[in-house]
Amino acid sequence: MATPAHAATGYDRCPKGSFCLFDGDNGTGAMVAYTGSQASLGSWDNRANSVYNHTALHSVSLYSLPSYQYLDPVHDVEITWATQGDNPLELAPFSDANSHLVNNLSSFRIAHTSREAQGGSEAQTWLDGSWRVGEPSQRFFDLDHDGNTDMLGRTWSGKLWFMDGNGSSRLVGSGWNQMKRVTRHGDFSGDGMEDLLAQDSLGKLWLYPGNGRGGFGARKLVGSGWNSMTAMLAAGDMSGDHVNDLLGRDSSGKLWLYKGKGNGTFTSRVLIGTGWTQMIAVSEPGDMNGDGHPDVVASDGAGKLWLYPGNGKSKLGVRKMIGTGGWKRFPTLLGVGDYNGDGRLDILAIAGPDDGWVGVYEGRGGGSLAPRIDLQMLDQGDSLF
């Protein structure tokens, strides 16, 4: 005999694709379902006791006033909630002696990112507390030649943003969700401008020539078959010929050097390492140990951080541990040049999407790093290059 189906109860009643309000706690009582943001709630104004996000959007801002207003920080309530698209929330905890949210919700906005949920735009911004005026340009991670570390950011829709570090950003591309890997480390085309390398979903490798102002010219196909690689890394001048090179790690853990020709293309690859499948994050921060040759930094599955010194002759020397643990938290490491302006090279560490924190490890010379300084958080769908 078939078992009779049971009607959904509690939060499970909320239809997929909806944002639901309940007049009881824990998803009990009467329910109303919305498919988008609401500037006013009509008969449900000041009625909700609990809410549930069953949409595909990751961020919600809840307001005690209609029209997404937050006017009085003492008596009004505004909370922004990163829900990852499928979470309940009780409103009772959001209260103090002067304000509360339970039975006081009047509007809400749902969006891909917290900045959009709060009424901002999709654009990423980067505010560098070390931003300086009148500095000489850096060899890499300085697309506009102002001497400051700048960033490229990709947002959830595939837009690419140039961020100069002073809190402003500018759209420089779209359709970048098709790119599996993106890397940069100075000039590859020989014109003195920092360029960008990107591998698409078909395994094609593209060079985007920098224009010296944070943007890029028409792309050029410089390789194919890169889907066999599990990592791609712009590596600086590893071979000592004053031309920037490229590193690739394949699925078997072999590390390959692709020597740059100075015109945006590369020579046949050379094997320079094996056993690299154990490495989680790999970065090329430049000359970390001060011997005049660019080095490689990598974190392993145990959370340790290793410095592989380059010898300037297409080889890596004996590795040195420069971080004893905790590096599994950061699946992305970026060599960002001299971030703080002290003449030493630094590393940016980016946590996974469920964490989102970005921090800088300032170089101390000799390959060692100072303790991390947390900078800001990334939203769902954000990437930095």
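Let's start with strand 7. Both of its faces are covered: on one side Ser 107, Arg 109 and Ala 111 are buried, and on the other Phe 108 and Ile 110 are buried too. Keep in mind that this is a predicted model. In a regular strand, side chains alternate between the two faces of the sheet. Strand 7 spans residues 107-111, and five of its five residues are buried.

What does strand 7 pair with? Strand 4, residues 59-63, runs antiparallel to strand 7, and five bridges join the two.

A probe the size of a water molecule, rolled over the atoms, shows where empty space is left.

The largest pocket has a volume of about 910 Å³. It is lined by 43 residues, and the closest to its centre are Pro 331, Thr 332, Leu 334, Leu 384 and Phe 385. Which elements give two or more residues to that lining? They are strand 11 (179-183), strand 15 (229-236), strand 16 (245-250), strand 19 (279-286), strand 23 (332-335) and strand 29 (383-384). By class, the lining of the largest pocket has 23 nonpolar, twelve polar and eight charged residues.

Next, the second largest pocket. Its space comes to about 350 Å³. Here 23 residues form the lining, with Arg 139, His 185, Gly 236, Asp 237 and Asn 244 the closest to the centre. The class count for the second largest pocket is three nonpolar, 13 polar and seven charged residues.

Notes
Residues numbered from 1 in each chain as written. Predicted model: local features only at pLDDT ≥ 70, side-chain atom pairs only at ≥ 80, totals over all residues. Heavy atoms only, no water. 1 Å grid on protein atoms, 1.4 Å probe; cavity = no way out; pocket = protein on both sides within 12 Å on 5 of 7 lines; lining within 4 Å. Points joined across faces, edges and corners; volume = space filled by probe spheres on them. Helix = DSSP H or I, 4+ residues; strand = E, 2+ residues; numbered from the N terminus. Nonpolar A, V, L, I, M, F, W, Y, C, P; charged D, E, K, R; others polar. Buried < 20%, exposed > 50% of the residue type's maximum accessible area, 1.4 Å probe, protein only. Pairing = 2+ DSSP bridges.
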